[in-house]
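Here is a friendly briefing on the charged side chains of one model. Have the sequence and the fold at hand as you read.

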Amino acid sequence: MTDTAFHITHEEFQAIHDRFREIKHSINNSLAVLMALSELAQRNPSHYEKLAKAVLQRGPETVQMLQDFQAELNAKSRPGSTTPPSEL
């Protein structure tokens with residue numbers, strides 16, 4: 001792998017930062033829901049089905065968000081990339 005320098009504008013960096021913040025917020029929300037459902041399920045086993053559904057839905061969504069963000073960062077870090085900040 002070659003070590004090629006690249007430059008990023010303040011606007012591009014801000015767009016990446018904003019996207020990271022959105023993803024972090026979404027992950028925190030998902031974890032809060034899963035934790036709440038886990039506590040409810042411990043008290044009332046009928047909540048286990050809701051917990052299972054939440055895990056099956058939110059888990060893949062979270063993984064997809066992280067994979068998309070990684071792809072955006074990889075595309076941006078390639079020399080000659082011209083991705084506008086609004087598309088990050």
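His-7 lies in the segment before α1; helices here are DSSP runs of H or I with at least four residues, strands are runs of E with at least two, and both are numbered from the N terminus. This is a predicted model, where local features need pLDDT of at least 70, side-chain atom pairs count only at pLDDT 80 or more, and totals for chains, interfaces and linings use all residues. Residues are numbered from 1 along each chain as its sequence is written, and side-chain values use heavy atoms, with hydrogens and water left out.

**Around His-7 and Lys-76**

- With a relative accessibility of 76%, His-7 counts as exposed; the cut-offs are under 20% relative accessible area for buried, over 50% for exposed and in between for partly exposed, using a 1.4 Å probe and protein chains only.
- Lys-76 sits in helix α2 and counts as buried, at 7% relative accessibility.
- In sequence, 69 residues separate His-7 from Lys-76, while their C-alpha atoms are 9.8 Å apart in space.
- Lys-76 also makes a side-chain polar contact with the side chain of Glu-12, at 2.7 Å. A polar contact is a pair of N or O atoms within 3.5 Å; within protein, one must be able to donate a hydrogen and the other to accept it, and residues adjacent in sequence count only if both atoms are side-chain atoms.

**Salt bridges within a helix**

- Searching the whole structure turns up five salt bridges, each defined as a side-chain nitrogen of Lys or Arg within 4 Å of a carboxyl oxygen of Asp or Glu.
- One of them pairs Arg-21 with Asp-18 at 3.2 Å, N to O. These two are three residues apart in helix α1 (residues 10-43), so about one helical turn separates them.
- Arg-21 is partly exposed, at 44% relative accessible area, and Asp-18 is partly exposed too, at 24%.
- Glu-49 and Lys-53 form another salt bridge, at 3.4 Å, N to O. They are four residues apart in helix α2, which means a separation of about one helical turn.
- Both Glu-49 and Lys-53 are exposed.

**A salt bridge between helices**

- Glu-72 and Arg-19 meet through their side chains in a salt bridge of 3.5 Å, N to O. Because Glu-72 lies in helix α2 (residues 48-77) and Arg-19 in helix α1, this pair ties together parts that are 53 residues apart in sequence.
- Arg-19 counts as buried, with 19% relative accessibility.
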